[in-house]
Amino acid sequence: MENHKKKQQDVFVKCATCFGIGYLSALPGTLGSALAFVFLPLIIFFPLSIVYVVLISSCLFLIGIWSCDKYEATYSLEDPKEVIIDELVAQIILFLCISCTFGNSFEPSVMLLLCITSFGLFRFLDIVKPWPISFVQKNIHRGFGVMLDDLLAAIIAFLIILIIPYVLL
């Protein structure tokens, strides 16, 4: 029975810390967000319909809630820095939304620029935590709160990306 618990613990720790990558950097949130670039070629060259984006995003978000919940409960920590699944999932969701919205409308180089811009916006919002992100972080706890503040930062970054063309034209 003890071995089963250890294996189960290993699974949620690996999920929460993205296979230990969260322990490797002085800037684990930025590293967690940057990990999403590994998936970017798939996201850019194979844009998905909104149905698949919602399905994939929901599954990733639920895995994040579960692993963050288990990590916080096991180690008696609240939103520890080494837990980076929240940044990774939020950034992937942001990339998926950009791909789904703009699809084949732009050349891959423009899509890459949009994704790099979204990365910078997301990191800024996640670090500065303007309202309503700060409200969520202070008032919603456990795995859901850990995931939700980053998802909210991704949504705001996406809305800014949508507005940029209208401001520039």
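**The annotated domain and its pockets**

Reply: In this predicted model, the chain over residues 15-164 is 73% helix and 0% strand, and the C-alpha atoms at the ends of that range lie 34 Å apart. The range comes from UniProt, where an unreviewed entry lists it as "domain: YutG/PgpA".

Helix 4 spans residues 50-75 and helix 5 spans residues 85-102; they pack at an angle of about 175 degrees, with 10 Å between their axes. Because angles over 145 degrees count as roughly antiparallel, helix 4 is roughly antiparallel to helix 5. On the helix 4 side the contact is made by Ile50, Val53, Ile56, Ser57, Leu60, Phe61, Ile63, Gly64, Ser67 and Cys68. Their partners in helix 5 are Ile85, Val89, Ile92, Ile93, Leu96, Cys97 and Cys100. By class, this contact has 14 nonpolar residues, three polar ones and no charged ones.

The loop between helix 4 and helix 5 holds Asp79. This residue is not a glycine, yet Asp79 has a positive phi of about 45 degrees. Most residues other than glycine have a negative phi, and most peptide bonds are trans. A cis peptide bond is found from Trp131 to Pro132, with omega near 10 degrees. Pro132 sits in the loop between helix 6 and helix 7, the latter covering residues 133-139.

Next, the pockets. The largest pocket holds about 420 Å³ of space. Its lining consists of 24 residues, and those nearest the centre are Phe39, Leu60, Leu88, Val89 and Ile92. Leu60 of helix 4 and Val89 and Ile92 of helix 5 also take part in the helix contact described above. Helix 1 (residues 2-16), helix 3 (residues 40-45), helix 4 and helix 5 each give at least two residues to the lining of the largest pocket. Helix 5 gives the most, with seven residues. The classes in this lining are 22 nonpolar, one polar and one charged.

The second largest pocket has a volume of about 310 Å³. Eighteen residues line the second largest pocket, and Gly29, Lys81, Glu87, Arg123 and Asp126 are the closest to its centre. Helix 2 (28-34), helix 5, helix 6 (108-128) and helix 8 (142-168) each contribute two or more residues to this lining. Its make-up by class is six nonpolar, three polar and nine charged residues.

Over residues 37-63 the chain is 74% helix and 0% strand, with the end C-alpha atoms 19 Å apart. Over residues 148-168 it is 100% helix and 0% strand, and the end C-alpha atoms are 30 Å apart.

Terms used:
Residues numbered from 1 in each chain as written. Predicted model: local features only at pLDDT ≥ 70, side-chain atom pairs only at ≥ 80, totals over all residues. Heavy atoms only, no water. Axes fitted to C-alpha atoms, helices over the stretch in contact; angles between N-to-C directions. Helix = DSSP H or I, 4+ residues; strand = E, 2+ residues; numbered from the N terminus. Parallel < 35°, antiparallel > 145°, perpendicular 65-115°, else oblique. Contact = heavy atoms within 4.5 Å. Nonpolar A, V, L, I, M, F, W, Y, C, P; charged D, E, K, R; others polar. 1 Å grid on protein atoms, 1.4 Å probe; cavity = no way out; pocket = protein on both sides within 12 Å on 5 of 7 lines; lining within 4 Å. Points joined across faces, edges and corners; volume = space filled by probe spheres on them. UniProt positions renumbered as here; feature names shortened; annotations may be inferred.
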